[in-house]
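Hi,

Here is the structure I promised to pass on.

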Amino acid sequence: MRSREGVWKVSLVVLMAVGLAGVAGCNKLRARDLLNQGVQAYKLGQFDQAEEDFKQSAELDPTLQTARIYLATAYASQFVPGSPAPENLQKGQQAIAQFKKVLEQDPKNLSAVDGIGSMLFNMGSVPYDPSKLDEAKQWHEKHIQLKPDDAQPYYWVGVIDWTLAFRANQKMRQDYNSNLPKRKKAIQPNEPLPDKLRDQFASQFQQTVDGGIQELQKAIQLRPDYADAMAYLNLLYRQKADMVTTKDERDALLNQSDALVDKVKEIKQKEASTPKSTS
């Protein structure tokens, strides 16, 4: 027959388990309440309050991924590209850290993957930091690996490739023009690069430009009316035109570029003339 002491110990364990379950249940309910409060604060532009609500929600229920996504988004939305203020840089780093915590529990969470890619792109655009852009590109490529039928990550890879090539092209032109003898004519933005500069640009960025063209073509294949992708494909064709050696090749690429500009205008005009659904 079980002793009274044994029965008491078993009962205590049961009561403790029930109590812990109750506390866990209350924490989950409170976490959801805080999440909703945070969403309302965020909509009202009360970002400090929203951050605190999301942070507490995530702490009360670590499995509530939505709270951590919102917390990361709240940090990211306050980041100002180009501001060197330590608190601004901290917002960007906090956003990335929270997105990464989401991925620790859910490695295939596309919102977190895209959030990191977007944050790194913003942090690397102003001031310009090509290493951050390269890192951002890797996260968008991760999205492609996880869900290859989405058009948007192909678009972002193309945008990054164009940014890297364009900035290098601009710097080459500026350096060349600044070192010219006074009597020599500077290269204008729409003029071809001198042969030596052209070869250097092609050697360093042909793979980047060709890769970006392929990615944007894939985005348009998946979404035929993707005007933004067409706009950047037009820009990449112009970078490609600065790499070719003959006038015929250059003219052909510029004609492709101009055709895309016309296509973008056509799509935009169609969108503007199409009545928006009120449902």
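The largest pocket holds about 250 Å³ of space. Of its 13 lining residues, those closest to the centre are Pro-189, Asn-190, Arg-238, Gln-239 and Asp-242. For the terms: on a 1 Å grid over the protein atoms alone, a pocket is an open set of points where a 1.4 Å probe fits, with protein on both sides within 12 Å along at least five of seven lines, and lining residues have an atom within 4 Å of a point. The volume is the space filled by probe spheres set on the points, with grid points joined across faces, edges and corners.

Before you go further, a word on the source: this is a predicted model, where local features need pLDDT of at least 70, side-chain atom pairs count only at pLDDT 80 or more, and totals for chains, interfaces and linings use all residues. Residues are numbered from 1 along each chain as its sequence is written, and side-chain values use heavy atoms, with hydrogens and water left out.

Back to the lining. Helices α7 (152-178), α9 (227-241) and α10 (247-273) each supply at least two residues to it, and α7 gives the most, with 5. By type, the lining divides into 5 nonpolar (Ala, Val, Leu, Ile, Met, Phe, Trp, Tyr, Cys and Pro), 4 charged (Asp, Glu, Lys and Arg) and 4 polar residues (the others, Gly among them).

As for the overall fold, the protein chain has 10 helices and 0 strands (DSSP runs numbered from the N terminus: H or I of at least four residues for helices, E of at least two for strands). Of the chain's 279 residues, 37% count as buried (under 20% relative accessible area; exposed is over 50%, partly exposed in between, with a 1.4 Å probe and protein chains only). Among contacts (heavy atoms within 4.5 Å) between residues at least 6 apart in sequence, 58% join residues at least 24 apart.

Now the charges. The structure holds 17 salt bridges (a side-chain nitrogen of Lys or Arg within 4 Å of a carboxyl oxygen of Asp or Glu).

- Lys-137 and Asp-161 meet at 2.7 Å, N to O. The pair links distant parts of the chain, Lys-137 in α6 (residues 130-146) and Asp-161 in α7, 24 residues apart. Lys-137 is buried at 18% relative accessibility, and Asp-161 is buried at 1%.
- Asp-175 and Lys-171 meet at 2.8 Å, N to O. Both sit in α7, 4 residues apart, so about one helical turn separates them. Asp-175 is partly exposed, at 34%.
- Asp-210 and Lys-240 meet at 2.8 Å, N to O. Asp-210 lies in α8 (residues 195-222) and Lys-240 in α9, so this pair ties together parts 30 residues apart in sequence. Asp-210 is partly exposed at 23%, whereas Lys-240 is buried at 15%.

Salt bridges with shared partners also join Lys-28, Arg-32 and Asp-61 into one network.

Cheers
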